[in-house]
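Thanks for coming. I have one structure to go through today, so please bring it up on your screens.

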Amino acid sequence: MSDAHDTHSPQGGEIVPTGPIADPGLPDHQWRPTDVDPAKEKRAERQVAILFGLSAVSTVAFLVAYFTFDIGDNWDVIGGFGASTMALGLTLGLALLFIGVGVIHWARKLMADHEISELRHPARSSDDDREVAVQALTDGINESGIGRRPLIRNSLLGAVGLLGLPAIVMLRDLGPLPGKKLYHTIWGSGTKQAPMRIVRDGIWTPILASDLEIGDLVNCQPDALHNPERYGIDPSEVEGVNLQIHKSKASLILLRMNPGDIKPGKAADGSSRANWTVDGIVAYSKICTHVGCPISLNERTTHHLLCPCHQSTFDLADSGRVVFGPAGRPLPQLAISVDDEGYLVAQHDFDEPVGPSFWERDYYER
Amino acid sequence: MSVDVSKVATTNGSTPATTKGAQRAGAIANWADERLGLGSAMKKNIRKVFPDHWSFMLGEIALWSFVVLLLTGVFLTLWFDPSMTEIQYNGSYDPLRGVHMSSAMASTLDISFDVRGGLLMRQMHHWAAMIFIASMMIHMLRVYLTGAFRKPREVNWIIGCLLLLLGTIEGFTGYSLPDDLLSGTGVRAADGFMKATPVVGTYMSFFLFGGEFPGDAIIPRFYAMHILLIPGLLLALIAAHMLLLVYHKHTQWPGPGRTEQNVVGYPMLPVYAAKAGGFFFIVFGVTALMGGLFSINNVWKLGPYDPSKVTAGSQPDWYMGWPDGLLRIIPPWETHLWGITISWNVMLPILVMPPLMLMILMALPFIESWLTGDKREHHLLQRPRNAPTRTAIMVALMTFYGLSWAAGGNDIIAIKLHLSINQITYFMRGAVFIGPVIAFIITRRWCISLQRHDEGKLLHGFESGVLVRSPEGGYAEKHLPLPEGQAYTLTARDDDPVPETPEQIEASGATGRDLRARKLRARLATLFFADNVQKPTAEEIHEAQHHAEHELHELESQIAAGPNRHGPADH
């Protein structure tokens, strides 16, 4: 009845958990019905074979389904699954399951089911092995003479260490340096003669102030993305990848509210934002200042805008102030006015970077 | 150990139906052994013993779903085009025909609509990925809660934690590949996470994306990581995990004949090989059924990625949900100082918490062995109740995980349950701190009551369900002693070590840091084991049995004499 903790071996290895009740030892093996009754044994054998047979049938059905069912635009048949996908999945699944169930049934019913016992050994090597290993290591190191020749050792370490530099330096061309790219969007590309028009996203039509009712929200893009020549921009600048890059910074939201509701804040240079709006129409970046999701849920009665990703909520009547959620900065506001034809245009680019915060960026009180 | 096969099904036989096959097999074996020396390796391992328990199957699910991932993944690579070049989609899916999208998205649509079995393989791949990660997590819980992580298996625990990390990254890079609206939104958020990194954030983002987000490099780069780099690491670590499993031999539950020195179970060949091999087909088959019957990640309904668009209810795959939840409930903390910005609101939930959680997981075995001073090898599993504080620690971590995860669905909860999203968020801000504490306390006390229940069964027998009324009108239940095997199993566990007392530590002459560390350790160990029930001694059991026999005898005489009998009482 000794305490279990006193029974461990000197190596800190195995222990014998000694208990108040003696180990009765492994229980006797029980013969299964299939071990003693030939009829049951035959039946189990047949069952296993039938399961394998069913698997073969399912595989054939898979092949038939593969060549029978069309795919393509009939994907919506049978409860939205697509006949082909559903039939292939069903037959393949059954073909595999029948094999699995058959093999396990075989193991449980017919294979010898005696549990056997095997001795464990401690994970550590024996003391003799350790000694021999340490000796071998010492011999090897001694014969190399690395300990006696610090000049060779240190110059080798230095040389190999230096080889890490190419591995790092070669990653340099993974991408360009950020520079000031995050500080500008294409909104600033308008000219005095052709200030950048604000157009509806997707249909690319310019917007008159009178098009919007109070409470209306419009998703917008800069006209240059659709009409680069008008602003003297090379069309390849707004195609493919470049289009995606511009959109990910320039996406804009227009919201019309009662002009009296707007509390104009301050711009980066300290001037008032009072003239940044047109008849109660405000323009804000659509890119959330938290981690960059496009903000899209408009609470019409409160002029609050909610990001669907992490629920940051911004008050568009109050310089895009964060009223709820994890975003740490207000939404950047775009100063707008109207051009000669009465269409809404940007006065100039955002006066701060849009999108998620980053280390180098500054902050100003609105 | 020889096995009595005298009664094994005769159809198993001992001679093959035809001897010709055996001769050929022998010739091949000889050829191979003369070159590879397989015999020595096989003689030890072919009848290697694996203990049987349903919970040992969880790791197998992870292993087999990984194989399914490899198979289905190879199929997908044959058609998937990891390019962000913009093309016009002209495939079979009518609603998107003519739409401009990346080649990655278009080839995903082609796999779904123009390759027979392609959608099945895509869906199987996605389901298998979820099963892979889920089964790794549940396997990890099993290993932790049964104490299977203890010496000598700490290294395998760490490998397992790394597998979980790599599996998660593999999942993220995988579901980002189709370049659909949802996955693109996820990548955009990942760009925001990177930019929140102090000092080098924008550089990391520009280097990873090959310029400004989204660029045209991220999908090919994720693809290389997803099909080459991470699977290679996963394979190597899984191989190491398995090798260590074989070297240490599997843990087993205590029971009659099962000790720290042996391992009792079925031999690898035939039973374990058949069961494990058969189970591969079952995992594969279930994945195929799920791939055929349950649609997942219908990218065609979302359309191609467009940085100006988003869907409501945008969420990552479930295993990325818990940091996303923390990202949702964290207050808007940003520090603006000397023209720079520190985004605590992104760094804490995304850049700090997941690595911290992983490090806590990896450290658990070492913290426990330091605290308990237990440096012995352990091969017998413990029931969770017999390590109440350990169990409570994991349940607290699970509660934190679960609440964070639920916070990641706060918008869905708000919509489905008609609650205010603001109130859910405020609630979660407190709950992630308070919930784990409550869970810890409840779990610990729960474990201790289960221990007491076990002790009660050992000392007073189990409730037989026979109620006896005494002549005085009182009722008592007849308890019967546990069968020997069960009683032994309940007592086949270690007593908890007794922590050092402050006097002992001071008497040992320890000084300075060593003294403080040992005192701290002793205090923590005292808390760790406080109120645990130790197994009864032989004397206690003997005495209790004697008492129980006496009680039983009394009850039986009451049954014989008392009002339980029909007819009038004798006295």
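To begin with chain B: which helix does Pro270(B) lie in? Pro270(B) is in helix H10, which covers residues 268–293. Keep in mind that this is a predicted model. The peptide bond from Leu269(B) into Pro270(B) is cis, and omega is near 5 degrees. Another cis bond runs from Lys151(B) to Pro152(B), with omega near 10 degrees. Pro152(B) sits in a loop, between helix H5 (118–145) and helix H6 (154–176).

Now chain B in general. DSSP gives 20 helices and eight strands. Along the principal axes, the C-alpha atoms fill a box of roughly 100 × 80 × 65 Å. The chain has 571 residues, and 51% of them are buried. Taking contacts with a separation of 6 or more, 75% are between residues 24 or more positions apart. The accessible surface is about 26,900 Å², and carbon and sulfur atoms own 66% of that. On charge, there are 46 positive and 48 negative side chains, with the centres of the two sets 4 Å apart.

Next, the surface patches. A nonpolar one of about 670 Å² involves Trp333(B), Trp344(B), Leu348(B), Leu351(B), Val352(B), Leu356(B), Met359(B) and Ile360(B). Of these, Trp344(B) belongs to helix H13, residues 344–372. Why is Trp344(B) called partly exposed? Because its relative accessibility is 35%, and that class lies between the 20% limit for buried and the 50% limit for exposed.

A negative patch takes residues from both chains: Glu229(A), Asp234(A), Glu237(A) and Glu239(A), together with Glu86(B). Glu239(A) is in the chain A loop between strand S3 (217–222) and helix H8 (240–250).

Two backbone angles to check. Asp279(A) is not a glycine, yet has a positive phi of about 50 degrees. Its place is the loop between strands S4 (252–256) and S5 (281–285) of chain A. Asp531(B), also not a glycine, has a positive phi of about 70 degrees. Asp531(B) is in the loop joining helix H19 (512–529) to helix H20 (538–561), and its relative accessible area of 44% makes it partly exposed.

Last, Ile203(A). This residue is in the loop between strand S2 (198–200) and S3 of chain A. Is Ile203(A) buried or exposed? Exposed, because its relative accessibility is 57%. Its C-alpha atom is 22 Å from that of Gln347(A), which is 144 residues away along the chain.

How values were computed: Residues numbered from 1 in each chain as written. Chains lettered and ligands numbered in written order. Heavy atoms only, no water. Patch = residues over 30% accessible without salt bridge, like charges linked within 9 Å, V, L, I, M, F, W, Y side chains within 5 Å. Areas by Shrake-Rupley, 256 points an atom, 1.4 Å probe, with all protein chains shown as cover. Salt bridge = Lys/Arg side-chain N within 4 Å of Asp/Glu carboxyl O. Helix = DSSP H or I, 4+ residues; strand = E, 2+ residues; numbered from the N terminus. Buried < 20%, exposed > 50% of the residue type's maximum accessible area, 1.4 Å probe, protein only. Contact = heavy atoms within 4.5 Å. Lys, Arg positive; Asp, Glu negative; His and termini not counted. Charge placed at Lys NZ, Arg CZ, Asp CG, Glu CD.
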